[in-house]
Amino acid sequence: MTTTAIRGGLVITATEEILADVLVEDGRIAALAAPDSSCAQGWTPDRTLDATGKYVVPGGVDAHTHFDLPFGGTASSDTFETGTRAAAWGGTTTVVDFAVQSRGGALREGLDTWHAKAEGTCAVDYAFHMILSDVRESSLKEMDLLVGEGVTSFKLFMAYPGVFYSDDGQILRAMQRAAGNGGLIMMHAENGIAIDVLVEQALAAGRTDPRYHGEVRKALLEAEATHRAIALAQVAGSPLYVVHVSAEEAVAELVQARDKGLPVFGETCPQYLFLSTDNLAEPGFEGAKYVCSTPLRPREHQAALWRGLRTNDLQVVSTDHCPFCFSGQKELGRGDFSKIPNGLPGVEHRMDLLHQAVVDGHITRRRWIEIACTAPARMFGLAPRKGTLAPGADADIVIYDPHARQTLSATTHHMNVDYSAYEGKEITGRVETVLSRGETVIDRGRYTVRAGHGRYVPRATCQYLA
Ligand code: DUC
Ligand code: ZN
Ligand code: ZN
């Protein structure tokens, strides 16, 4: 395999910013050295990439994607091939997607299905969480087996009755099992039983537009479910990771739990940081583009999310990438917002949007790398291979131009979806070059790797709990 030197860039990790050269050998980072130092001069690479004036950062780790997910009477529009390619364009070099247990089915069956979807098609490395939609004795036993083979986190839903929903007893049992086997419980925290009542009442009153999706899925019902999930985890003695936190009141529940020293973690997503109920209320049926759950909140909630990211009460920003085309998919919900497939595209834009947050002064450069690369890698047992730049780590490296300007648009993005949730948004910063295990995936505007380069990565257990 070729050896590569990346010279002259500002290397940014979660803990350091240093002008350094990086040597890549056999798909791994072999050394970092001060530019022009005797050490760096002794290197004899096959090729040199000039990163002068650029950032050199770890490839992003997106710990929450849904490729090819059957949901809402259709399926999310990115396959593993198109979705991981789009991830690579945006500087993300590892994704953790959610395999799904079907009701009445085994975890093994769901996991095998997801392996078959992904194998031989991915541009970048991938791993799996498991969605538990049917917690019964046999599924609990299977959790142990999955942890043993590198699927070390399990998502449960307090929402979507009849689909993914688990009741409190099932949740408690799964948490007890995770407490014993080292698994991390990921929670979709919304009170779905109460939400379904409000949905029925809204539709009966003729409130059918997309914006009512946001109104019935109340912030208080996210906060209540978050509180209940924390209490159940405390009773079970298990850690808890709350996915896609969107409401200020839910952040407050996490803060309270963490102040008590509980092993409770939180994730938010770019859509909650940059979009709001104003988008859901866009005229005509345009708001359908922004229907996801948890829903977008009024703009005022964003300050609490940014604060949570700064204070480490929220540790991770993932995308919950779950794209549905406007034409033919989102349109299933014309005249009934409850039939709009839930989900937003975003896997391509997370690194850029969070860099924009650096430019806007919400977070520091190091925190950008921490919440987008290092913390998700550690949270989901991918460190030290993924999420940082250090000798021995996989050479998943992004050369990032912090001064380039770009405008996000469906006409230029690479996700397989016919609209952009960020159409027309101007961003400062852009991915220039992406290496995945030392191989060039994106080379200054060209996609250069074959589908199938990406490998499955079995994971260790959560590295925040050791
Ligand atoms: N929320 C979404 O918006 N889409 C997929 C599943 C989920 O929980
Ligand atoms: Zn969810
Ligand atoms: Zn999700």
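This is a predicted model: local features need pLDDT of at least 70, side-chain atom pairs count only at pLDDT 80 or more; totals for chains, interfaces and linings use all residues.
1. Donors of a metal are N, O and S atoms within 2.8 Å of the metal (3.2 Å for Na, K and Ca); water is not among the atoms, so sites may look incomplete. The zinc ions labelled ligand 2 and ligand 3 are 3.9 Å apart.

2. Residues are numbered from 1 along each chain as its sequence is written, chains are lettered from A and ligands numbered from 1 in the order in which they are written, and side-chain values use heavy atoms, with hydrogens and water left out.

3. His64 and His66 are both buried. Buried means under 20% relative accessible area, exposed over 50%, and partly exposed in between (1.4 Å probe, protein chains only).

4. Lys155 is in strand E11, residues 153-157. Helices (H or I, at least four residues) and strands (E, at least two) are DSSP runs, numbered from the N terminus. Why does Lys155 count as buried? Because its relative accessible area is 2%.

5. Not counting residues up to four places away in sequence, Lys155 touches His64, Phe98, Met130, Ile131, Leu132, Met186, His188, Val243 and His244. Contact here means heavy atoms within 4.5 Å. An unreviewed UniProt entry annotates Lys155 as "modified residue: N6-carboxylysine". UniProt positions follow the numbering used here, feature names are shortened, and annotations may be inferred rather than shown by experiment.

6. The residues around ligand 1 include Phe71, Lys155, His188, Ser293, Asp320 and Asn342; a residue is listed if one of its heavy atoms lies within 4 Å of the molecule. A polar contact is a pair of N or O atoms within 3.5 Å; within protein, one must be able to donate a hydrogen and the other to accept it, and residues adjacent in sequence count only if both atoms are side-chain atoms. From the side chain of His188, an N or O atom is 3.0 Å from an oxygen atom of ligand 1. A backbone N or O atom of Ser293 is 2.6 Å from a nitrogen atom of ligand 1.
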